[in-house]
Amino acid sequence: MRIRRILAAVIATAALAGLGLTGAVTASAASLTPGECEQGGGTVNWANNTCKGGSFDGQMVD
């Protein structure tokens, strides 16, 4: 009985961790707004529509 509970907890933890990673990958693939770039500590480079510096460095800006 104890082994079943431990196994269920391990599976649930792995499933939740997988969802978190999937969400993070999806969110990072989307383009940013200029405000999101600036809030992340960067500036918008309008020459190539990317965020320069900060936590979103190199990501596309809409």
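Reply: The account below begins with the chain as a whole and then turns to its disulfide.

This is a predicted model, in which local features need pLDDT of at least 70 and side-chain atom pairs count only at pLDDT 80 or more, while totals for chains, interfaces and linings use all residues. Residues are numbered from 1 along each chain as its sequence is written, and side-chain values use heavy atoms, with hydrogens and water left out.

The protein chain has 2 helices and 2 strands, and from the N terminus these elements follow the order α-α-β-β. Helices (H or I, at least four residues) and strands (E, at least two) are DSSP runs, numbered from the N terminus. Of the 62 residues in the protein chain, 11% are buried; buried means under 20% relative accessible area, exposed over 50%, and partly exposed in between, with a 1.4 Å probe and protein chains only.

A search of the whole structure finds 1 disulfide, a term that stands for a pair of cysteine sulfur atoms within 2.5 Å. In general, a disulfide is a covalent bond between the sulfur atoms of two cysteines. Here the partners are cysteine 37 and cysteine 51, with their sulfur atoms 2.0 Å apart. Cysteine 37 belongs to helix 2 (residues 34-39) and cysteine 51 to strand 2, so the pair ties together parts that are 14 residues apart in sequence. The disulfide of cysteine 37 and cysteine 51 is right-handed because the torsion about its S-S bond is about 85 degrees.

Both partners can also be described by their surroundings. Cysteine 37 is buried, at a relative accessible area of 0%, and cysteine 51 is buried as well, at 1%. Leaving aside residues up to four places away in sequence, cysteine 37 touches Leu32, Gly42, Thr43, Val44, Cys51, Lys52, Phe56 and Val61, where contact means heavy atoms within 4.5 Å. The largest nonpolar core consists of 5 residues, namely Leu32, Cys37, Val44, Cys51 and Val61. Such a core is a set of buried Ala, Val, Leu, Ile, Met, Phe, Trp, Tyr and Cys residues joined through side-chain atoms within 4.5 Å. In soluble globular proteins, nonpolar side chains tend to be buried together.

Cysteine 51 has a further neighbour in glycine 58, which touches Thr50 and Cys51 when residues up to four places away in sequence are not counted. Glycine 58 lies in the segment after strand 2 (50-52). Between glycine 58 and glycine 42, the C-alpha to C-alpha distance is 9.7 Å, and the two are 16 residues apart in sequence.
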